[in-house]
Amino acid sequence: MLNKNTRIKVRNRSAANVGYSIPDLGNLHRSFTANEVKEVSFEELQKLTYQPGGSYILQHYLVIENQEAREEILGEVELE
């Protein structure tokens, strides 16, 4: 299990902007431009899955570039 503060690279795989908000993290709002890569905490990714549409965003628009984190968050090992 990864530490909640572990930084994970996440890439926007789409040609559009992607964004999300997480109220549990001080009303955090994060936006990704097309193909942008950002480092976010493992905790942020976990909390994103609790938000409406959060899992969909992670499955269809963003790529978690850390295999261990991807397995824990999505239960998948495949990287597109």
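I22 stands opposite L28 in strand β3. The model is predicted: local features need pLDDT of at least 70, side-chain atom pairs count only at pLDDT 80 or more, and totals for chains, interfaces and linings use all residues. Residues are numbered from 1 along each chain as its sequence is written, and side-chain values use heavy atoms, without hydrogens or water.

- Strand β2 covers residues 18–22, and β3 covers residues 28–32.
- The two run antiparallel, joined by five bridges; pairing requires at least two DSSP bridges between strands.
- Five residues lie between the strands, and G26 takes a positive phi near 70 degrees.

**Faces of β2**
- V18, Y20 and I22 point to one face and are buried (under 20% relative accessible area, 1.4 Å probe, protein chains only).

**Overall fold**
- The protein has three helices and five strands (DSSP runs: H or I of at least four residues, E of at least two).
- From the N terminus, the order is β-β-β-β-α-α-β-α.
- The C-alpha trace spans about 30 × 30 × 20 Å along its principal axes.
- Among contacts (heavy atoms within 4.5 Å) between residues at least 6 apart in sequence, 56% join residues at least 24 apart.

**Burial and surface**
- Buried residues make up 36% of the 80 residues.
- The protein exposes about 4700 Å² (Shrake-Rupley, 1.4 Å probe).
- Carbon and sulfur atoms supply 44% of that area.

Notes
Buried < 20%, exposed > 50% of the residue type's maximum accessible area, 1.4 Å probe, protein only.
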